[in-house]
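Subject: Structure handover

Hello,

Here is the structure for you to look over. My notes on what turned up follow below it.

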Amino acid sequence: MNERYSRQILFSGIGKEGQSRLLKSRALIVGCGALGSAQAESLARAGVGKLRIADRDFVESSNLQRQTMFTERDAAERIPKAVAAANHIKELNAEIEVESEIVDVNHSNIERLVKDCDVVLDGTDNFATRYLINDACVKHKVNWIYGAAVGSYGVTMTIRPHQTPCLRCVFEAASPAASAPTCDTAGVIMPIISVVAAVQVAEALKILVGQTENLHGSLMQFDVWQNEWRKINPGPPSPDCPTCGLLQFETLEAASEEFAAVLCGRDAVQISPSQATRINFEELAHRLQATGEVKYNNYLLRFRTGEFELTVFQDARSIIRGTNEVTTARSLYAKYIGN
Ligand SMILES: [Zn+2]
């Protein structure tokens, strides 16, 4: 341990004791895109003993400009991001444990993912999932680190339930759909990803080694193109906050039903089935091969028919490309995958 981590142990903020705490810690990364890639690599190199990586997607060539965990081969083979990240981490630090979770993070799994972790890092790209993380982390008293980046702008805040404001204290409601720029409409450049992820990882390390007095305690904003850096004091937790004040965790209580989501800017819709199931790819491929082109690997099956492409994961969740219409996607799903 000493040789690999020697430079980090020399750093007075961590030291020998801090390093042994890191090795005993478990961190959850929700979403392994650009921010999640950078977080996963840094935490793995730092020797955080257990990393749990949850992501619903597979690697595509448009990811490679900023998602540093992935290679052209991952994109060509469409490896799920949670698996591709784990494969690369094994090569850069075989001493730590990585758990890959190929899931759409939602109310049915977030508490299981969060509750035995020492810290959670936000690598998502949407507020719905962030409110879900916030609810689960406040409920289970797990520290988490919000982070977001679009264009050249980024923001981050560290949430320690009941000691600092939570996400809902600061942002009461998400901005309405389509009103805010996203990476798919405004693009994003790698340097802002590096900045936000670096601050998130530094905060995670402080939490894991127990140096909470060094946390930055603010809503931190950066723009690497306009050269603006700002720290906003978020004040104390709000006693009227539905989440950390009133302990109402509404996002965790959503009814179980088939869930369809338009994947913004990707000309695709995701369908998640209402019941947990496990798909046999060999059987499904056999059934579909007469109607289109089918390929599968251990993690997903891809089926192309006409202008549509269906990617089916083992839990029957599917991403249907070639449409932004939920009704079209639902009918393709019913027709080819079944209910
Ligand atoms: Zn709150």
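**Aromatic residues**

Phe127, Tyr131, Trp144, Tyr146 and Phe171 make up one aromatic cluster. Before the rest, the ground rules. This is a predicted model, so local features need pLDDT of at least 70 and side-chain atom pairs count only at pLDDT 80 or more, while totals for chains, interfaces and linings use all residues. Residues are numbered from 1 along each chain as its sequence is written, and side-chain values use heavy atoms, with hydrogens and water left out.

Rings of Phe, Tyr and Trp (its six-membered ring) pair if their centres lie within 6.5 Å; planes under 30 degrees apart are stacked, over 60 edge-to-face, and the rest tilted. That rule gives nine aromatic pairs. One of them is phenylalanine 127 with phenylalanine 171, edge-to-face, at 5.6 Å centre to centre and 80° between the planes. Phenylalanine 127 lies in helix α7 (residues 127–139) and phenylalanine 171 in the loop between α8 (167–170) and α9 (183–186), so the pair ties together parts 44 residues apart in sequence. Helices (H or I, at least four residues) and strands (E, at least two) are DSSP runs, numbered from the N terminus.

Phenylalanine 127 is partly exposed, at 22% relative accessible area. Phenylalanine 171 is partly exposed too, at 26%. The cut-offs: buried is under 20% relative accessible area, exposed over 50%, partly exposed in between (1.4 Å probe, protein chains only).

Phenylalanine 281 and tyrosine 296 form a tilted pair, with 6.2 Å between centres and 50° between planes. This pair links helix α11 (residues 281–288) to strand β11 (residues 293–296), with the two residues 15 apart. Phenylalanine 281 is buried at 6%; tyrosine 296 is partly exposed at 42%.

Two arginines sit over rings. The charged end of arginine 130 is 5.2 Å from the ring centre of phenylalanine 127. Arginine 317 lies over the face of phenylalanine 313, at 4.2 Å from the ring centre. The test is NZ of Lys or CZ of Arg within 6 Å of the ring centre and within 35 degrees of the ring normal.

**Cores**

A nonpolar core is a set of buried Ala, Val, Leu, Ile, Met, Phe, Trp, Tyr and Cys residues joined through side-chain atoms within 4.5 Å. The largest has 36 residues, and Leu43, Val48, Leu51, Ile89, Val119 and Leu121 have the most contacts inside it. At least two residues each come from β1 (26–30), α3 (34–46), β2 (50–55), α5 (81–92), β4 (119–122) and α10 (190–209). A second, separate core has 30 residues, including Leu113, Tyr146, Ile159 and Cys241.

Contact means heavy atoms within 4.5 Å. Leaving aside neighbours within four places in sequence, isoleucine 89 touches Ala40, Ala44, Leu51, Ile53, Met69, Ala94, Ile96 and Val98.

**Buried asparagine 63**

Asparagine 63 is in the loop between β2 and α4 (72–77). Asparagine 63 is buried, at 5% relative accessibility.

**Helix α12**

Which residues of helix α12 (residues 326–336) are buried? They are Ala329, Leu332, Tyr333 and Tyr336. Glycine 338 follows α12, with a positive phi near 100°.

Best wishes
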